[in-house]
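Please read the briefing below alongside the model.

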Amino acid sequence: MSAQSTTAVDTAAVAPMPVHRDLHFPFPPERITDWHGEGAHVTQFFNTLSLYFPEGEKFFIQSVRHYRDRITDPTLQQAVAGFIGQEAMHGREHKVFNALMDDAGLPASRIENFTTNRLKMAHKIFSPEMQLSMTIALEHLTAIMAADLLSNPKVLAGSHPDYARLWRWHALEETEHKAVAFDVWKTVMPNTLGSYLRRCRGLLQTSFFFWLFTAIFHVRMVRAAHPRQGHLRGYLRLARFLFISPAAWLSLAPAWFAYFKPGFHPWQHDNRSALVELDQLTTELAGENAR
Ligand SMILES: [Fe+2]
Ligand SMILES: [Fe+2]
């Protein structure tokens with residue numbers, strides 16, 4: 001997986017306008033526990049990530065909506081509307097995806113409920129500023145994972161095409177709107193050291209809990225999906241996937257650290273070229289949905 005290089009770019013000129021696409025994704029339910037080309041343990045890694053989306057996307061929408069009235073730039077207002085529309089669709093489609101896990105006997109709803117309660121608590125405990133900071137941090141995490149998924153065919157190699165398509169669509173739209181919440185932050189927060197430190201704290205805090213809970217939930221999901229199976233080989237395969245090839249986790253490091261630059265902006269990594277796939281995917285699915 002290539003490091004995400006950044007160059008000096010006019011970020012406002014580069015950013016595309018996010019488009020709300022109402023698409024439904026069909027999946028063969030019998031493959032929910034083993035749809036990834038790298039086998040069951042990597043499948044459960046992606047499935048575990050999916051459990052965050054329905055509630056996580058709602059949290060993002062709420063945090064951004066809180067500041068909507070303070071946005072006067074019509075372009076950013078339009079981008080916020082596109083962002084909200086896209087995240088709502090992601091939440092809806094991942095809810096369908098997650099229900100397949102419940103049907104297969106996985107503890108999907110229990111983990112989703114746990115996430116819901118933690119996010120409700122975060123909503124109560126943290127200030128609107130901190131919630132927006134957490135949102136832009138998680139948008140950064142999803143954007144850098146999306147960039148890797150889109151730039152390296154090995155990340156979804158050999159996966160069932162219907163499942164791979166959901167993940168590609170989500171990665172494409174995450175890329176398309178990757179700077180919207182960040183631009184809201186830049187608009188409503190003062191340009192001070194305090195704002196910078198709060199933004200950095202957001203990424204440190206959310207990254208720690210995000211990966212900690214992902215590891216815990218993943219073990220639960222794997223055990224539930226394959227209770228009578230030895231797991232050593234599966235975990236070794238997952239470790240290779242995350243740390244060696246395609247190094248889906250380790251290769252995120254340079255882009256993760258880029259966030260700590262005081263002048264960071266998501267479109268300093270210009271990967272708009274990946275978005276050409278969106279039109280083709282939308283046409284293909286719209287045709288299937290109409291049948
Ligand atoms: Fe999303
Ligand atoms: Fe997003």
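By class, how many nonpolar, polar and charged residues does the lining of the largest pocket have? The lining has 33 nonpolar, six polar and four charged residues. Ala, Val, Leu, Ile, Met, Phe, Trp, Tyr, Cys and Pro count as nonpolar, Asp, Glu, Lys and Arg as charged, and the others, Gly among them, as polar.

This is a predicted model, in which local features need pLDDT of at least 70 and side-chain atom pairs count only at pLDDT 80 or more, while totals for chains, interfaces and linings use all residues. Residues are numbered from 1 along each chain as its sequence is written, chains are lettered from A and ligands numbered from 1 in the order in which they are written, and side-chain values use heavy atoms, without hydrogens and water.

**Largest pocket**
- The largest pocket holds about 880 Å³ of space; a pocket is an open set of points on a 1 Å grid where a 1.4 Å probe fits, with protein on both sides within 12 Å along at least five of seven lines, and lining residues have an atom within 4 Å of a point.
- Of its 43 lining residues, Tyr52, Leu138, Thr206, Phe209 and Phe210 are the closest to the centre.
- Elements that give two or more residues to this lining include helix H2 (40-65), helix H5 (128-151) and H8; helices here are DSSP runs (H or I, at least four residues), numbered from the N terminus.
- H2 gives the most to the lining of the largest pocket, with nine residues.

**Second largest pocket**
- The second largest pocket has a volume of about 260 Å³.
- Ala12, Ala15, Thr75, Leu76 and Asp183 are the closest to its centre among the 18 residues that line it.
- H3 supplies the largest share of this lining, three residues.
- The lining divides into 10 nonpolar, four polar and four charged residues.

**Around Phe209**
- Phe209 lies in helix H8 (residues 193-225).
- Phe209 has a relative accessible area of 42%, so Phe209 is partly exposed (buried means under 20%, exposed over 50%, partly exposed in between, with a 1.4 Å probe and protein chains only).
- Together with Phe208, Leu212 and Ile216, Phe209 makes a nonpolar surface patch of about 380 Å²; patch residues have over 30% relative accessible area and no salt bridge, and nonpolar side chains are joined within 5 Å.

**Backbone**
- Most residues other than glycine have a negative phi, and most peptide bonds are trans.
- Ser245 and Pro246 are joined by a cis peptide bond, with omega about 5 degrees.
- Ala247 is not a glycine, yet has a positive phi of about 60 degrees.
- Ala247 is found in the loop between H9 and H10, and counts as buried at 10% relative accessibility.

Methods: Patch = residues over 30% accessible without salt bridge, like charges linked within 9 Å, V, L, I, M, F, W, Y side chains within 5 Å. Areas by Shrake-Rupley, 256 points an atom, 1.4 Å probe, with all protein chains shown as cover. Salt bridge = Lys/Arg side-chain N within 4 Å of Asp/Glu carboxyl O. Points joined across faces, edges and corners; volume = space filled by probe spheres on them.
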